[in-house]
Amino acid sequence: MSGDPQRASAAGKNVRLPAAGKWLLWLFIVLAAAAAWWLVYGNLERFANWLVYGALGMSAGNRLASALAFFVFEAPKVLMLLLVVVFGVGIVRSFFTPERTRRMLAGRRQTAGNVLASLLGVVTPFCSCSAVPLFIGFVTTGVPLGVTFSFLIAAPMINEVALVLLFGLFGWKVAGLYLGTGLVIAMVAGWVIGKLRLERWVEGWVYATAPASSAVGTEGRMSLAEHVSSGRDAVKDIVGRVWPYVLAGIAVGAGIHGYVPEQLMASIMGKGAWWSVPLAVVIGIPMYSNAAGIIPVVQALLEKGAALGTVLAFMMSVIGLSLPEVIILRKVLKMPLIATFVGVVGVGILVVGYLFNIVL
Amino acid sequence: MKIEVLGTGCPKCMSVEQNVKKALAELELQADVEKVTDIQQIIQKGVMSTPALVIDGKLVLQGKNPTVEQLKELFKGA
């Protein structure tokens, strides 16, 4: 277990590979892995159909068979996508730190600042448990309140796990819509909050806190190997945490897929029901973080006649407006500002929901 | 040696504290391990992302969940 560097390099010498040869070997391994991944990924549907209708001999039209084929196809597909995307995002995020992001945002004006903050919210590593220190760290070093909010809205709302699930289950168009509209909501909501000049509703002690100018020696440059190992850590951490929810969600989705009659959802979550979008947002607020489990369910519902805008609004509300995060932020924000934050983001999500119900 | 673990009580911060104790035990080192959960104190140390680690008043890690091995390297250097 103990990573003994001397022994490792000695082992490297035994192989007697020149540096270029080593790189070629790595390149070969990466390419072979990618090819194997692609081959398996491309044949999953065939395999699922073969297993259920061929090997198990179930007849087409059987409800259990339809649910089973759905699960055997979707579960490995989503997990394989998760592995690749979380690894990639982990590497990208290792190039950003909250400290670097703060330096880029300090002293920015509204508008340009909101755009930049939303984009940085996507790539900066962020955990909602450090939302409070981050908030204070931002506003006390000259990042405007509205720009800080753009960051705080984009960071949790645009989430790589949700993006993978949307891409895997709905296709790239819906994933792109989610990414684009999520960014726009973060930019506009932050801009509105900034225009309203709500600094008086930040708890007084926040601005009184003088941050020890973050003279931190923890920001050294990383080597390529360290960036790659950050990707691997992200896979261990995130995929290790969400896979049971993904499987549970797909299992429930498979049940709906097989057993719920067509068009049942059209009356409840369809385009015709105007109240479905606000209802979806309200239900979504107390639900938290398990986008991984919710999206497959939602996909199955969509198949049964729910409207895309409604579904998108539900998703964003689940991920972007979470009760625990709001409770954490209450430590630094007074109630009116919390209400404004939830209100502005909620309205943004509503607009997105209605827009897609009308347009699509 | 004085070690402070900074964090507001999320699962990651708990695991850092456990790893710190494990690393100290493996190195057979004695140290004061203190958990800092007060946000104002955390901010005053210039920390924006938790969990963070302070050794003898110096911030050595933030926003990371170090392994026992990484911690042992840090403690040996201190």
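Author: We begin with handedness: a crossing is left-handed if the near helix is turned anticlockwise from the far one by less than a right angle, and right-handed if clockwise. Here H6(A) passes H8(A) in a right-handed crossing. The model is a predicted one, in which local features need pLDDT of at least 70, side-chain atom pairs count only at pLDDT 80 or more, and totals for chains, interfaces and linings use all residues. Residues are numbered from 1 along each chain as its sequence is written, while chains are lettered from A and ligands numbered from 1 in the order in which they are written.

Reader: What is pLDDT, and what does chain B average?

Author: pLDDT is the predictor's confidence in each residue, from 0 to 100. Where pLDDT is low, the predicted coordinates should not be read in detail. Chain B averages 84, and 99% of its residues score at least 70. For the model, ipTM is 0.79 and pTM is 0.79.

Reader: At what angle do H6(A) and H8(A) pack?

Author: Helices (H or I, at least four residues) and strands (E, at least two) are DSSP runs, numbered from the N terminus. Axes are lines fitted to C-alpha atoms, for helices over the stretch in contact, and angles run from 0 to 180 degrees between N-to-C directions. Helix H6 (residues 112-123) of chain A packs against H8(A) at about 30°, with the axes 7 Å apart. That makes H6(A) roughly parallel to H8(A); angles under 35 degrees count as roughly parallel, over 145 as roughly antiparallel, 65 to 115 as roughly perpendicular and the rest as oblique.

Reader: How do H8(A) and H10(A) cross?

Author: The axes of helix H8 (residues 145-157) and helix H10 (residues 172-195), both of chain A, come within 7 Å and cross at roughly 155°. The two are therefore roughly antiparallel to each other, and the crossing of H8(A) and H10(A) is right-handed. By class, their contact has 13 nonpolar, five polar and one charged residues. Ala, Val, Leu, Ile, Met, Phe, Trp, Tyr, Cys and Pro count as nonpolar, Asp, Glu, Lys and Arg as charged, and the others, Gly among them, as polar.

Reader: Which residues make the contact of H8(A) with H16(A)?

Author: Two residues are in contact if their C-beta atoms, placed from the backbone, lie within 7 Å. The axes of H8(A) and helix H16 (residues 308-320) of chain A come within 8 Å and cross at roughly 110°, so H8(A) and H16(A) are roughly perpendicular to each other. Ile153(A), Pro156(A) and Met157(A) of H8(A) make the contact with Met316(A), Ile319(A) and Gly320(A) of H16(A).

Reader: In what order do the strands of the sheet in chain B come?

Author: Two strands pair if DSSP finds at least two bridges between them. In chain B, four strands form an open sheet with mixed pairing, in the order S2-S1-S3-S4. Its edge strands, each pairing on one side only, are S2 (32-36) and S4 (58-62). Strand S3 (residues 52-55) of chain B runs antiparallel to S4(B), joined by four bridges; one of the bridge pairs is Ala52(B) with Gln62(B).

Reader: Which peptide bond is cis, and where does Pro51(B) lie?

Author: Most residues other than glycine have a negative phi, and most peptide bonds are trans. The bond from Thr50(B) to Pro51(B) is cis, with omega near -5°. Pro51(B) lies in the loop between helix H2 (39-44) and S3 of chain B. In chain A, Arg197(A) has a positive phi, near 50°.
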